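Dear colleague,

Please find below the structure that I am handing over to you.

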Amino acid sequence: MHSWHSNLEIQNYINANLNTGLHSLLLKKSPFPEVSMQEIVQQIKGKQTAQKKFPFLLKDGIIFPPQLNLEQSSSEATALYKSQILKGNRFVDLTSGFGIDAYYLSRNFKEVTLVEQNSELLDIVEHNWEILGRKASFINQNLEDFLRTNKEYFDVIYLDPARRDQNKNKVFLLEDLSPDILQIKDALLATADQVIVKLSPLIDLKYLISVLPDIFRIEIIAVKNDVKEAVIFLSNEKRDGVKVNCTNLESGESDFTFAFGEEENAQAVYSEPEKFIYIPNNSILKAGVFNLISEKFGVKKLHPNTHIYTSAQKADGFPGRVLEMEAVESKQIKKKEQFNIISKNYPLKPDDIKKKYAIKDGGDSYLIFTQSKKGKIILKSV
């Protein structure tokens, strides 16, 4: 590693410029002969990203890689969540990248191996882990070569395939990922008890289960209602069905777990709006369990294409927002009032609604523009 990373004067300069415009910094000449301004800005960007995404790395001496590696890393929140599911003796991350997932997922394992084909990135991770006081074997190899030559057996293999093609376009199907999961699946399952793969949140669950019969668990992970990842668990061990868990971290909402296939047999009950209105979080919407939610929580759906629910009595533990609301006529909405506007299964988008009714965005009250079986309706916070 570059010796300048431990230079206190350079580190103080980086910390003093955390809120400086990076473009203006890049136009300046570096005040230190041994380091370029581009390298300084890379460290500033890294610290800025760490403040939001992985604050555990805000320590003296930590080195940050280029922006793309930071963007591709998991957040501390999702990595910590996944780590609570796993434990064993031997863990290997075959696509360790900047090592955020590996750092957390391997916490409950005795031996840890990190495989990464980018030697510079692996050097950075090895340096950082030394500062963090964590031990691992660091192997600079691509994962196909590792699988071909490796003689060891692991409790858990973890990998996060690249989800962009040669032209940097996003890809979703398993065979388009790098590596192609379908091609290396047998080699993975011959090397570990469990194989865990992080995938795009946009991937279709039915497709996944149809092409990978070895899946026994799927985690749909949202953070503050933004779905970040779908994580699949594979095993050679034959199990009954696939368990799906939906979680919305940092929201205070309950998880929702179901057996894949339950939705097909579930029946929703329909009703016009009652006292309580329920809006499922986005991990539930991603899972597509629209009828199952109605059945499990005893709440009624407003319309087959409106994923909003209602009940006269409050249902406990609902995985989403619960609001007390009433139906109103459009003429009851006063100009310049302030509301959080939600539009679902309704012809106008929130921005169009704001213009049409001359209302301001924000505040604590809600207006929902949607449809019940009887037609278009407006719901207002009580």
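In this predicted model, the largest nonpolar core holds 50 residues, and the members that touch the most others are Leu94, Leu159, Leu174, Ile232 and Ile293. Beyond its neighbours within four places in sequence, Ile293 contacts Phe256, Ile284, Gly298, Val299, Tyr309, Phe318 and Pro319.

The structure contains 18 aromatic pairs. In one of them, Tyr346 and Phe369 have ring centres 5.4 Å apart and planes at 65°, so the pair is edge-to-face. Tyr346 belongs to the loop between strand 14 and helix 14, whereas Phe369 belongs to strand 15, so this pair ties together parts 23 residues apart in sequence. Both Tyr346 and Phe369 are buried. Phe369 also pairs with Tyr357; here the centres are 5.6 Å apart and the planes at 35°, so the pair is tilted. Because Tyr357 lies in helix 14 and Phe369 in strand 15, the parts tied together are 12 residues apart in sequence. Tyr357 counts as buried because its relative accessibility is 13%, under the 20% cut-off. Elsewhere, one aromatic cluster is formed by Phe256, Phe258, Tyr278, Phe297, Tyr309 and Phe318.

With kind regards

Terms used:
Residues numbered from 1 in each chain as written. Predicted model: local features only at pLDDT ≥ 70, side-chain atom pairs only at ≥ 80, totals over all residues. Heavy atoms only, no water. Core = buried A, V, L, I, M, F, W, Y, C linked by side-chain atoms within 4.5 Å. Buried < 20%, exposed > 50% of the residue type's maximum accessible area, 1.4 Å probe, protein only. Contact = heavy atoms within 4.5 Å. Phe/Tyr/Trp six-rings, centres within 6.5 Å; stacked < 30°, edge-to-face > 60°. Helix = DSSP H or I, 4+ residues; strand = E, 2+ residues; numbered from the N terminus.
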